[in-house]
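Biologist: Could you bring the model up so that we can go through it together?
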Protein chains: 2
Amino acid sequence: MTYSETASRILDSAERMARQGGYNSFSFREIAAEIGIKSASVHYHFANKEILGAALAERYTNRFLAALGEPADEGADEMLRRYAASYRKALIEDGQMCLCGMFGAEIRDLPDPVARQTRAFFVRNIQWLGQIFQAKGLGAEEAETKAARMIAALEGAMILSRSLQDDTLFDRIIEGYS
Amino acid sequence: MTYSETASRILDSAERMARQGGYNSFSFREIAAEIGIKSASVHYHFANKEILGAALAERYTNRFLAALGEPADEGADEMLRRYAASYRKALIEDGQMCLCGMFGAEIRDLPDPVARQTRAFFVRNIQWLGQIFQAKGLGAEEAETKAARMIAALEGAMILSRSLQDDTLFDRIIEGYS
DNA sequence: TTTTGTCTACCTATCGATAGGTAGCTATAT
DNA sequence: ATATAGCTACCTATCGATAGGTAGACAAAA
């Protein structure tokens with residue numbers, strides 16, 4: 001999926017808000033005000049909120065995986081380090097939570113298309129990490145479990161580090177995974 | 001803090017909604033409708049939303065810790081198992097997320113009194129678990145890190161298991177902590 | 001001339017919150 | 001015993017703000 005300049009700016013704005021406060025924390029009005037158009041014009045690009053929310057999660061997932069590269073490009077340990085570093089960068093450098101971590105927590109309250117895209121984030125990330133763990137010699141099932149465990153640790157580390165306003169806590173929690 | 005019958009039912013209702021969709025997912029009107037009073041009467045018991053939210057997090061924290069008992073009552077490993085089991089019960093038996101996990105994720109968007117109570121949940125839980133790890137022979141700093149790591153793993157496991165609608169995933173992720 | 005993107009203007013529903021009132025209980029003072 | 005006063009727990013009615021969403025006009029570009 002490719003987006004126009006305006007559509008991209010809408011997504012940028014919505015993503016920033018959603019990663020701060022979840023699905024109910026971005027609105028057509030606020031997005032419009034931020035990028036200098038009217039809320040009706042936001043509806044032109046994204047007909048309703050569930051379409052916008054689903055697009056948000058889809059673009060986030062694609063960008064996230066694209067930034068990681070193919071799972072086999074380099075050594076397995078280096079890939080794990082890179083994976084953890086991408087969460088670290090989001091939290092500490094960008095000051096934002098994982099969009100799909102937020103959406104995942106409130107998934108029972110989300111419109112179905114948004115929930116589906118949120119699940120896709122975790123499925124694809126478990127696949128990505130699972131390949132790494134398999135490259136390290138683990139069986140498919142165990143690799144998947146370890147992948148899920150690592151993602152859970154990173155999502156949880158974000159929440160605790162953010163809550164306690166202590167960036168170093170993220171590193172201390174993740175120590176050993178990198 | 002002790003609450004009247006009605007105040008307790010307000011908190012029960014709000015807690016259930018908040019653990020499903022976060023701070024913006026409960027409203028005075030919806031709570032009132034659920035327990036059969038008017039929204040103005042909810043304001044009688046909790047003057048505004050931040051007071052209600054803070055009371056929610058405070059009661060949740062106190063109940064959570066009370067259910068765990070004193071950290072030294074039994075063997076350290078049994079206490080760790082019990083700690084993980086309390087998250088498991090919430091997720092699988094009650095079908096709910098951790099209230100302060102939800103609030104923690106969106107903490108930057110929360111009114112200050114709610115954010116403070118949310119932080120208190122994590123501080124007190126790290127203290128509780130830290131005592132267990134110290135009883136197992138770890139130094140204070142390392143015990144605190146391991147405590148935070150375990151809480152992060154449990155919060156993250158809830159999000160993934162919930163997102164992927166797979167109860168067994170929670171157990172597989174937590175395997176080894178219990 | 002059709003499409004694209006934006007606008008004005010509006011809608012209904014809901015939000016948190018407040019004002020003002022009432023029924024019933026309780027405690028004190030006469 | 002009775003009147004007075006205050007408190008508790010609710011009510012009706014309403015406020016301004018904001019939510020998501022829609023209809024239709026309009027200008028520029030293809």
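Biologist: Which helix gives the most to the surface near DNA strand C?
Modeller: That is α3(A), with four residues, where helices (H or I, at least four residues) are DSSP runs numbered from the N terminus, and a residue is near a strand if its C-beta atom, placed from the backbone, lies within 6 Å of it. This is a predicted model, in which local features need pLDDT of at least 70 and side-chain atom pairs count only at pLDDT 80 or more, while totals for chains, interfaces and linings use all residues. Residues are numbered from 1 along each chain as its sequence is written, and chains are lettered from A and ligands numbered from 1 in the order in which they are written.
Biologist: How many residues surround DNA strand C, and which are the closest?
Modeller: There are 17 residues around DNA strand C, and the closest are A:Ile37, A:Ala40, A:Tyr44, B:Ser27 and B:Asn48.
Biologist: What does UniProt say about residues 27-46 of chain A?
Modeller: The unreviewed UniProt entry annotates residues 27-46 of chain A as "DNA-binding region", given in the numbering used here with a shortened feature name, although annotations may be inferred rather than shown by experiment. Over residues 27-46 of chain A, the chain is 75% helix, and the end C-alpha atoms lie 12 Å apart.

Methods
Helix = DSSP H or I, 4+ residues; strand = E, 2+ residues; numbered from the N terminus.
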